[in-house]
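Hi everyone, thanks for coming along. Please have the structure open on your screen while I talk, and stop me whenever a word is new to you.

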Amino acid sequence: MPVSSEREELATLVTSLRRHLQRQDRVGIRFLCQGESPPTDSLRDTDVNLLSGTETDLFSNSSETYKAKTLEELRAAIGDCQRCKLWSGRTHIVFGVGNPKAKLMFIGEGPGRDEDLQGEPFVGRAGQLLTDIITKGMGLRREDVYIANVVKCRPPENRNPEPDEVASCEPFLKKQIDLVRPEIIIALGKFAVQALLQTKAPITKLRGHWHSYHGIKLMPTFHPAYLLRNPGDKKLVWQDIKKVINEMAGSSA
Ligand code: URA
């Protein structure tokens with residue numbers, strides 16, 4: 001076959017693959033890699049808006065959320081949110097904190113009592129453990145990374161966020177990820193990983209393996225609050241964190 005026809009054939013294949021993946025994305029099917037090596041298809045340097053697909057149905061192209069170009073604009077677009085029932089019990093919306101250009105992003109479930117009072121994620125007991133992981137374990141500062149949650153308002157009595165609450169808030173998290181464009185996401189606990197990867201697989205199966213969230217390497221691990229109740233599993237989290245440290249060292253080498 002002449003080289004020009006091979007090129008045309010390849011271009012057609014790439015176009016149909018892209019359309020197929022976009023259709024899958026629209027119905028909520030995401031990439032899921034279970035291998036030990038992190039996926040290499042990083043979108044960091046491309047112009048792809050992670051909001052293409054499902055979220056455009058929730059936020060039209062003209063909405064303030066969709067148009068936000070900075071985290072400040074996104075926070076402003078969220079406003080005094082009453083999109084789900086969690087608004088009535090909250091003190092503060094806990095948007096997120098850290099370096100807006102962080103290479104590493106941590107994503108938890110939702111604010112607890114301390115976070116609700118202070119308006120900052122992971123500042124209570126579980127937060128102290130997360131801070132130790134970042135500073136003592138990884139040798140970073142909290143300001144070097146970006147920290148956010150799936151839901152931005154505290155569920156009453158720290159109950160699990162309900163599906164409609166996750167659905168209302170999730171697009172804001174996705175836009176946050178889109179704006180920060182980290183190289184690596186650490187998903188803390190079942191809610192974060194299941195929301196991001198659109199899977200029902202248990203955290204015990206997902207943790208410790210590299211996955212991909214729209215081309216961003218994603219490492220699930222246990223939630224720090226779980227570790228407070230099960231300190232024996234800290235060694236498993238340390239194994240997961242070491243994989244992230246190695247990956248970061250590799251990518252900056
Ligand atoms: N647990 C979370 O998932 N997020 C916080 O911000 C605090 C505790």
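I'll go through the sheet, the core, the charged pairs and the cysteines.

Before we start, what we have here is a predicted model, where local features need pLDDT of at least 70 and side-chain atom pairs count only at pLDDT 80 or more, while totals for chains, interfaces and linings use all residues. Residues are numbered from 1 along each chain as its sequence is written, and side-chain values use heavy atoms, with hydrogens and water left out.

Let's begin with the sheet. A quick word on naming: helices (H or I, at least four residues) and strands (E, at least two) are DSSP runs, numbered from the N terminus. Two strands pair if DSSP finds at least two bridges between them. Here an open sheet is built from 6 strands, running β1-β3-β2-β4-β6-β5, with mixed pairing. Which strands are at the edges? They are β1 and β5, each of which pairs on one side only. Now find strand β2, residues 104-108, which pairs with strand β3, residues 146-149, in the parallel sense over 4 bridges. Within that pairing, methionine 105 has tyrosine 146 in β3 as its bridge partner.

In soluble globular proteins, nonpolar side chains tend to be buried together. Buried means under 20% relative accessible area, exposed over 50%, and partly exposed in between, using a 1.4 Å probe and protein chains only. A nonpolar core is a set of buried Ala, Val, Leu, Ile, Met, Phe, Trp, Tyr and Cys residues joined through side-chain atoms within 4.5 Å. The largest such core has 56 residues, and those touching the most other members are Met105, Phe106, Ile107, Ile177, Ile185 and Leu196. Helix α7, residues 163-180, gives this core its largest share, 7 residues.

Next, charges. Side chains of opposite charge can pair when their charged atoms come close. We call it a salt bridge when a side-chain nitrogen of Lys or Arg is within 4 Å of a carboxyl oxygen of Asp or Glu. How many salt bridges does that rule give? The count is 15.

Arginine 90 and aspartate 80 meet at 2.7 Å, N to O. Both sit in the loop between α4 (71-78) and β1 (97-98), 10 residues apart.

In the second, arginine 181 bridges to aspartate 178, with the closest N and O atoms 2.8 Å apart, and both residues are buried.

Aspartate 240 and arginine 207 are both buried.

Last stop, the cysteines. A disulfide is a pair of cysteine sulfur atoms within 2.5 Å, and this structure holds 0 of them.
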